[in-house]
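Here are some friendly notes to read alongside the model. Keep the structure open and look up each residue as you reach it.

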Amino acid sequence: MIEKKRIIIGVSGGIAAYKSCYMASRLIHMGAEVRVCMTESACHFVTPLTFESLTHNAVNTDMFSRETPMNVTHIALAEWADAIIVAPATANLIGKAANGICDDLLSTVLMAAKAPVFYAPAMNTNMYENPALQKNLEVLRSRGAHIIEPAEGALACGTSGKGRMAEPEEIIGAVDAFFDEKKRDMAGVKVVVSAGATIEDIDKVRFLSNRSSGKMGCAIAREACRRGAAVTLVAGENVRFSDADIDVVFVRSAADMHWAVTEAGKEADVVVMAAAVADYTPKKPFDGKIKKSADDMTIELSRTKDILKELGEHKGERILVGFAAEADDMERYAKDKLKRKNLDMIVANDISRKDIGFGTQENEVTLYYKDGSSSSIDKCGKDIVAKRILDDVMRMMEDRND
Ligand SMILES: Cc1cc2nc3c(=O)[nH]c(=O)nc-3n(C[C@H](O)[C@H](O)[C@H](O)COP(=O)(O)O)c2cc1C
């Protein structure tokens, strides 16, 4: 519930600043208290007067303003807020926030804030796809910030592509959902999530691994935690993740993953295996560095333990969710895996597509259920996919308890 919440809208210098005027008006209409903090650049796009008229509060732009000499503005604002929405979030502002730079009022408020922060990036597609920007978003995400993905479409610069700021309704919806008490529906539920790739050593230098970034598993862990669950994330060494409220166990090999998931899974109500675990591992890893020779080389591989199958065999009352990454005949393979491994649900995605799945922020999946039914989730952020998966998990738990 957004009513009575104290919300700071941080406006940085992009064309989409005009949309934030409407957002401020909507939030006021919904009963929120709104204060606006603008960067110097933002003031080129819309005037503080517009926001002042809409919110009936003075707009903050200057860190060194002496209008309220007893208050240190950036600290007072940061402490006041229940949530901060940065919209539009420019590439510059995102870069500063990710790297701890606070050289103006808004970036300093963000540095001082304990409240949840929602960033709505808005920029030209090339800027949005720039690896520096993507890395900065990932850093913010890993520190618990909420990133409201931009949409695809016509951009103010005359081009078309991804980068258009999410619509105010969508941004408000994300903040509203955050405050929605119902979303603490996983309180008391113990969840184990695996994420990322395993690494199978060939020798001290080389290894076998795969392309899983762990983003999907991390999104599920974060969402479950947000909804009140006690979460253990078993993550491959390649995963970058930290969250003070989530118990994270980093593992290297499939054998390590097997041990960690089995241990954590003993107490769990829900296990979600989103990690890409190696099916094979070198039979005898070489204790040193294998020397190059003129001949071809054969590495003998042995099967790793099938974690999901073992969990399915000793399932008890747990809800068990698996993933299937398939390049063809997805439905048949996914349904077969669901049955063979005694799962409650399998999340299938098409790895032949470059725009979704491995390493990307988005996914488009089909969920197949034990009772033979299925549902599809159109291409969207992995955080949205995580929500839908956990909605289904909770529905299954409720059905079981009825
Ligand atoms: C007409 C115009 C439109 C701009 N639109 C954007 C934008 O949508 N997103 C963005 O990241 N930067 C945009 N910029 C660049 C930023 O305004 C610039 O990087 C500025 O330094 C951002 O400062 P701030 O982050 O402190 O607000 C635009 C610049 C101009 C002149």
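Is Lys309 buried, partly exposed or exposed? Lys309 is partly exposed, at 35% relative accessibility. Here buried means under 20% relative accessible area, exposed means over 50%, and partly exposed lies in between (1.4 Å probe, protein chains only).

Before going on, please note that this is a predicted model, in which local features need pLDDT of at least 70 and side-chain atom pairs count only at pLDDT 80 or more, while totals for chains, interfaces and linings use all residues. Residues are numbered from 1 along each chain as its sequence is written, and side-chain values use heavy atoms, with hydrogens and water left out.

1. **Lys309 and its partner.** Lys309 makes a salt bridge with Glu313, and their closest N and O atoms are 3.3 Å apart. A salt bridge is a side-chain nitrogen of Lys or Arg within 4 Å of a carboxyl oxygen of Asp or Glu. The two residues are four apart in helix H12 (residues 307-313), so about one helical turn separates them. Helices (H or I, at least four residues) and strands (E, at least two) are DSSP runs, numbered from the N terminus.

2. **Other salt bridges.** The whole structure has 27 salt bridges. One of them joins Asp344 and Lys315, with the closest N and O atoms 3.2 Å apart. Asp344 sits in the loop between helix H13 (330-340) and strand E17 (345-350), and Lys315 in the loop between H12 and strand E16 (319-326), so this pair ties together parts 29 residues apart in sequence. Asp344 and Lys315 are both buried. Another pair is Asp329 and Arg332, whose closest N and O atoms are 2.7 Å apart. Asp329 is partly exposed, with a relative accessible area of 41%, whereas Arg332 is exposed at 52%.

3. **Two domains.** The domain assignment gives domain 1 (6-179) and domain 2 (184-401); such bounds come from an automatic or database assignment. Taken over C-alpha atoms, the domain centres are 34 Å apart. In all, 13 residues of domain 1 are in contact with nine residues of domain 2, where contact means heavy atoms within 4.5 Å.

4. How many salt bridges run between domain 1 and domain 2? The count is zero.

5. **Elements on the domain 1 side.** Helix H8 (131-142), strand E5 (146-147) and helix H9 (168-179) each give two or more residues to the side of domain 1 that touches domain 2. H8 gives the most, with six residues. The residues of this side divide into four nonpolar, three polar and six charged. In this grouping Ala, Val, Leu, Ile, Met, Phe, Trp, Tyr, Cys and Pro count as nonpolar, Asp, Glu, Lys and Arg as charged, and the others, Gly among them, as polar.

6. **A covered helix.** Helix H6 (residues 105-112) is mostly covered, with six of its eight residues buried. Those buried residues are Leu105, Leu106, Ser107, Thr108, Val109 and Leu110. Their packing partners include strand E1 (6-11), strand E2 (33-38) and helix H4 (73-80).

7. Val191 is in strand E8 (residues 190-195) and is buried at 2% relative accessibility. Leaving aside neighbours within four places in sequence, its contacts include Met186, Ala224 and Val270. Asp392, in helix H14 (residues 382-401), is also buried, with a relative accessible area of 11%. With the neighbours within four places left aside, Asp392 is in contact with Met345, Leu367 and Tyr369.

8. **Backbone details.** Most residues other than glycine have a negative phi, and most peptide bonds are trans. Ala87 and Pro88 are joined by a cis peptide bond, with omega about -5°. His56 is not a glycine, yet has a positive phi of about 60°. His56 lies in the loop between helix H3 (48-55) and H4 and is exposed, at 64% relative accessibility.
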